[in-house]
Amino acid sequence: MSDLSVELAGIRLRNPLILASGIWGESGQSLVGAWDAGAAGVITKSIGSRPRPGYPNPTVEELGSWGMLNAMGLPNPGIREYSREIAFAREHGALVIGSIFGGTAEEFARLAREMAATGVRALELNLSCPHAEGFGTEIGSDPRDVDEVVRAVVREVKIPVIAKITPNAADPAALAAAAENAGARAISAINTVRALSIDPTLMRPVLAHGIGGLSGPAIKSVGLAAVWQIRQRVRVPIVGVGGISSGADVLEYVLAGACAVEIGTAVAHEGVRVFGRLAQELDQLLSKKGVSSLRELVGGAHRGFEIPAADFP
Ligand SMILES: Cc1cc2nc3c(=O)[nH]c(=O)nc-3n(C[C@H](O)[C@H](O)[C@H](O)COP(=O)(O)O)c2cc1C
């Protein structure tokens with residue numbers, strides 16, 4: 001058995017596999033299900049200040065082996081209601097990371113305080129939601145907005161703040177650098193990739209909202225490139241997200257610079273047993289290579305490329 005444990009912003013994880021936000025985190029029970037199945041951490045769905053119904057159906061289009069397209073519209077019960085679900089998951093031993101979204105830095109900061117009060121171990125900021133003051137843009141697509149939001153949140157809470165970066169910007173690494181500079185203890189990358197599907201029979205977009213976000217195997221290379229470039233710009237740990245569905249995919253992200261990964265669409269397709277399968281595949285890969293600890297491989301593919309000294313083991 002190889003040692004799959006990693007450390008993320010001072011938090012010891014038993015393996016690098018974390019449940020991604022929005023996929024399986026509707027209830028405390030579903031978070032516990034992922035934890036019991038072997039996830040080392042579980043991220044809640046993104047929670048806002050007030051309950052939101054989300055967009056009308058259809059909100060998801062299945063794209064088979066490619067992945068899926070979704071425009072959910074961030075449906076959620078609001079922080080007050082959801083804190084009960086977090087309490088349930090924590091009572092059952094799960095290591096919970098709280099995801100929040102807001103339209104302004106002030107809203108993020110207020111929510112961060114409320115989310116931290118639920119006892120989550122870290123906060124992940126979903127920086128991919130519409131900017132209330134900048135209609136049509138994502139709050140996380142401009143490094144100045146990222147700086148403002150992260151700074152406001154870091155001032156408000158003591159737990160580590162993870163900034164989740166959008167791939168829908170010219171330079172995701174610049175966003176990550178802004179987040180690090182503002183006090184983020186880790187970066188997660190990526191959220192879904194802006195995408196569209198049109199039904200040629202109905203001659204209209206498949207999703208009720210029109211534009212959606214692509215996830216699953218189709219975006220793995222996009223996520224890998226983001227992690228690679230971010231690794232060359234920042235020193236804080238990186239959590240890789242996007243299209244991971246095998247132990248080899250996890251290893252690719254680790255070699256690109258991630259110290260942990262999040263699993264989304266693969267959980268939607270396979271259920272929480274995916275965590276056990278990925279851990280087993282990863283362990284077999286490391287054993288075959290004669291590597292005793294996954295931590296030795298973080299950023300390994302950068303050898304010969306320019307890379308800053310890391311703060312993590
Ligand atoms: C149905 C669905 C809902 C999602 N909801 C959220 C969310 O609430 N907050 C968030 O930060 N990311 C959300 N995401 C993005 C995922 O957390 C993840 O970043 C993305 O799907 C890429 O990973 P994957 O290819 O493993 O799915 C959602 C993705 C899907 C498919």
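Which side chain meets Glu-252 in a salt bridge? I looked it up: Lys-220 does, at 2.8 Å, N to O. By salt bridge I mean a side-chain nitrogen of Lys or Arg within 4 Å of a carboxyl oxygen of Asp or Glu.

Notes on the model: it is predicted, so I take local features only at pLDDT of at least 70 and side-chain atom pairs only at pLDDT 80 or more, while totals for chains, interfaces and linings use all residues. I number residues from 1 along each chain as its sequence is written, and side-chain values use heavy atoms, with hydrogens and water left out.

Back to the pair. Glu-252 sits in helix 7 (residues 247-256) and Lys-220 in helix 6 (residues 220-231), so the bridge ties together parts 32 residues apart in sequence. Helices here are DSSP runs (H or I, at least four residues), numbered from the N terminus. I also found Asp-249 in one network with Lys-220 and Glu-252, joined by salt bridges that share partners.

Next I checked cover. Lys-220 is buried, at 16% relative accessible area, whereas Glu-252 is partly exposed at 33%. Buried means under 20%, exposed over 50%, partly exposed in between (1.4 Å probe, protein chains only).

Then I counted: the whole structure has 12 salt bridges. Another of these joins Arg-113 and Glu-156 at 2.7 Å, N to O. Arg-113 lies in helix 3 (residues 105-116) and Glu-156 in helix 4 (residues 143-156), so this pair links parts 43 residues apart in sequence.

Last, the ligand. I see a polar side-chain atom of Ser-46 at 2.7 Å from a ligand nitrogen.

Technical notes
Polar contact = N/O pair within 3.5 Å; in protein donor to acceptor, adjacent residues only side chain to side chain. Helix = DSSP H or I, 4+ residues; strand = E, 2+ residues; numbered from the N terminus.
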